[in-house]
Each structure stands twice: as C-alpha cells, then as structure tokens.
Amino acid sequence: MIRISFFKNGGYLTGFECKGHSNLGEEGEDILCAFVSSACYMAANTVTEVIKLNASARDADGYMRLEIKESPEKAQDILNGMKLHLTELEKQYPDEIKVTLTEE
C-alpha cells in the first residue's frame, strides 16, 4: 500500500511523506506507483527548484519526504493540488492508497 501523509502547521501544509508500493504491477510497470511518484516529484521539484523555498527533500525506492522550512504559504496551491490529486486516486484505488493529514 502507498501511504501519503501531509503535514500541517499553523494552518498551512508544510510538506508530505510518501512511502510504499501499490503492488498492482511489476516494478517499472506499475502505473499507480508511476502516478503517485510523478505527483510527488512534481510538487517537490516545484517547491525546491521553481519557487526556491527553503525546504528539504529526500527520496529512495518507495519513499519521498518534503519538508518546507519557511514561507509555506507560498506552496499552498501546489500542496493542495497534490493532495486533491492523490485523494481522488485514493477514491479509485482505496486498497492501494491511503492519504492522511497530520497536524503538528
């Protein structure tokens, strides 16, 4: 199962952690994992490389974490769009994706 947890602090989304695999297909052929990975990379790259916010991003096989250190208000549209996208995927694949929100 893919588990995505969004972090919220002071009324703002401040990042996310995504881990796991959907196991719907072979490695490299799992379209659901590709959808989720693409959304995570797009959000993390936009925050760190386009908007250039002070943030840390880490990734490994089946894992990604983004933590915005300051000015999270500048990334709300990106993170809310990502959250909406993944929540809609969760509706289609409830046994493979779980999206949660953690208030800090």
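This is a predicted model: local features need pLDDT of at least 70, side-chain atom pairs count only at pLDDT 80 or more; totals for chains, interfaces and linings use all residues.
Leaving aside neighbours within four places in sequence, which residues is Ile4 in contact with?

The protein chain contains 2 helices and 5 strands. Read from the N terminus, the order of these elements is β-β-α-β-β-α-β. Among contacts between residues at least 6 apart in sequence, 54% join residues at least 24 apart.

As for overall dimensions, the C-alpha trace spans about 40 × 25 × 20 Å along its principal axes. The radius of gyration of the protein chain is 13 Å, which agrees with a compact globule, because such a globule of 104 residues would have a value near 13 Å.

Of the 104 residues, 38% count as buried. The largest nonpolar core has 26 residues, and those touching the most other members are Ile4, Phe6, Phe16, Val36, Leu86 and Ile97. At least two residues of this core come from each of β1 (2-9), β2 (12-19), α1 (31-50), β4 (63-68), α2 (76-92) and β5 (97-103). The element that gives the most is α1, with 8 residues.

Back to Ile4: with neighbours within four places in sequence left aside, the residues in contact with Ile4 are Glu17, Cys18, Val36, Leu86, Ile97, Lys98, Val99 and Thr100. Val36, Leu86 and Ile97 are also among the core residues that touch the most other members.

The chain carries 11 positive and 18 negative charges, whose mean positions lie 8 Å apart.

Methods: Residues are numbered from 1 along each chain as its sequence is written. Side-chain values use heavy atoms; hydrogens and water are left out. Helices (H or I, at least four residues) and strands (E, at least two) are DSSP runs, numbered from the N terminus. The radius of gyration is taken over C-alpha atoms; the globule rule is 2.2 Å times the number of residues to the power 0.38. Buried means under 20% relative accessible area, exposed over 50%, partly exposed in between (1.4 Å probe, protein chains only). Contact means heavy atoms within 4.5 Å. Lys and Arg count as positive and Asp and Glu as negative; His and the chain ends are not counted. The place of a charge is taken as NZ of Lys, CZ of Arg, CG of Asp or CD of Glu. A nonpolar core is a set of buried Ala, Val, Leu, Ile, Met, Phe, Trp, Tyr and Cys residues joined through side-chain atoms within 4.5 Å.
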